[in-house]
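These are my notebook entries on one protein model.

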Amino acid sequence: MDRRTDVLVIGGGATGTGIARDLALRGVDVTLVERDGLSSGASGRSHGLLHSGARYAESDAEGALECLEENRILRDIAGECVRETRGLFVQLSADDPAYFAEKRAACEEIGIPVEVLDGDAARAAVPGLADAVERAMWVPDGVVLPSRLVAANAADARDHGARIRPHAPVTSMTLENGRITDVALGGDADETIAPSYVVNAAGAHAGQVAAIAGVTVEMRPTRGVMISVEYGDLEPVLNRCRDPADGDIIVPHDDEVVLGTTSVPVDDPDEYERSDWEIERTAAECATVLPSVEDAEQVRTWWGVRPLYAPEEADRGGRGISRGFHLLDHADPSSAHDSDGVENVVSIVGGKLTTYRAMAEATADLVCDRLGVNAESVTAETELPNAADPARLDALVREFDGQGPTDVDLVSRNGST
């Protein structure tokens with residue numbers, strides 16, 4: 001007999017586990033499946049920035065405000081899953097001063113706290129900052145430890161009745177009369193699930209999962225390189241204050257910093273080229289802000305694949321400054337790009353790690369509406385379990401096979417940091 005579940009969530013990154021948590025806290029029976037361990041996709045292969053909204057302020061005020069709101073929520077509920085580092089946007093002598101002024105004005109209009117420093121004050125605040133820095137601007141950026149964040153969401157979902165299957169790839173689905181009736185799982189699961197509703201939260205793989213479900217999701221994934229180098233005592237996130245480009249962010253860890261990133265379209269989110277030029281360009285560009293990183297010892301290098309939604313990115317060249325999310329209800333032509341006529345599946349695509357909780361809440365709202373569940377989201381005011389206990393969080397990461405390269409130096413193998 002097939003195992004029945006109210007909702008099957010496909011995808012074990014921040015958004016998928018956030019959806020499972022939100023639904024479970026509302027009393028919905030949930031099963032979450034991932035193929036390669038939690039955090040194995042974009043969440044665990046990012047640069048780990050907790051956005052303040054400043055990066056998007058002048059181009060997408062609505063998205064920037066959402067980042068600011070979610071930034072504040074995560075600082076309240078996520079404990080040791082985030083680090084309060086602050087962020088500094090720096091203008092070099094080669095950069096357009098009008099861009100800096102526009103960003104500052106937009107931040108102030110939105111309500112993002114800013115403080116402007118001249119070049120000397122910036123170098124005093126951040127030793128090693130380039131002589132070419134003419135001015136800088138403090139913003140409330142921070143750092144996310146995605147492995148911990150995802151594991152904590154999964155643990156809370158499980159504590160409220162959800163089943164979490166980290167090694168259970170979807171192999172097929174059965175459609176009858178415009179509904180998904182059965183979903184076959186491989187890997188450690190080797191079973192068939194009979195869901196009332198299916199959520200496709202598979203990130204860059206959302207198009208592939210959609211095809212198995214008999215629906216269409218147009219993705220345009222891009223790859224980006226991250227380089228972790230030895231560098232101690234950097235306090236804030238450093239952002240180059242210019243139009244988005246390669247090598248414009250430096251994210252602090254304890255004894256390392258993460259340099260990022262590039263944006264190159266890929267056809268397959270699993271099989272793609274990893275080019276030396278991306279490493280060289282990223283290091284060289286980041287060195288214009290913090291010169292010594294170019295010659296610093298490289299500890300590890302990894303690529304992530306952004307889950308970009310093709311209709312939004314068509315005119316952006318993969319460098320679109322906005323990173324909104326999209327809920328595609330495949331039974332509703334006003335919600336999906338093209339209605340597919342499958343009644344019980346929704347896809348959630350796009351977005352940012354910082355806004356995963358808001359994405360999860362919106363998805364859970366839709367699912368509860370379709371299932372007739374009258375319950376509100378409580379995730380914005382409910383602290384994640386073990387949020388103040390880094391050793392327990394790290395143990396959950398290991399339990400769910402959720403260690404990604406982004407924070408491997410901060411999320412330890414022995415439960416201490």
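Which residue caps the N-terminal end of α3? I found that D96 does this, with a side-chain oxygen 3.0 Å from the backbone nitrogen of A98.

Before going further, I noted that this is a predicted model, in which local features need pLDDT of at least 70 and side-chain atom pairs count only at pLDDT 80 or more, while totals for chains, interfaces and linings use all residues. Residues are numbered from 1 along each chain as its sequence is written, and side-chain values use heavy atoms, with hydrogens and water left out.

Entry on helix α3. I took helices (H or I, at least four residues) and strands (E, at least two) as DSSP runs, numbered from the N terminus. Helix α3 covers residues 97-110, and I checked its length: at 1.5 Å a residue its 14 residues should span 20 Å, and the end C-alpha atoms are 20 Å apart, which agrees. The expected span is 1.5 Å times one less than the number of residues. I then listed the buried residues of α3 (buried means under 20% relative accessible area, with a 1.4 Å probe and protein chains only), and they are Y99, F100, K103, A106, C107 and I110. They cover an arc of only 135° around the axis, which puts them on the same side of α3; the arc is that of the directions from the helix axis to the C-beta atoms. What covers these buried residues includes α2, β5, β6 and β7, where contact means heavy atoms within 4.5 Å. After α3 comes G111, whose phi is positive, near 105°.

Entry on strand β13. I looked up residues 222-230 and found that eight of the nine residues in this strand are buried. Two strands pair if DSSP finds at least two bridges between them. β13 pairs in the antiparallel sense with β18 over eight bridges, with β16 over five bridges and with β17 over two bridges. T222 stands opposite R306 in β18, and T222 also stands opposite P265 in β17. For E230, the bridge partner in β16 is E256.

Entry on S347. Is S347 buried or exposed? S347 counts as buried because its relative accessibility is 1%, and its place is in strand β20, residues 345-350. Leaving out residues up to four places away in sequence, I found that S347 touches N200, V217, H326, L327, L328 and H330.

How values were computed: Buried means under 20% relative accessible area, exposed over 50%, partly exposed in between (1.4 Å probe, protein chains only). A polar contact is a pair of N or O atoms within 3.5 Å; within protein, one must be able to donate a hydrogen and the other to accept it, and residues adjacent in sequence count only if both atoms are side-chain atoms.
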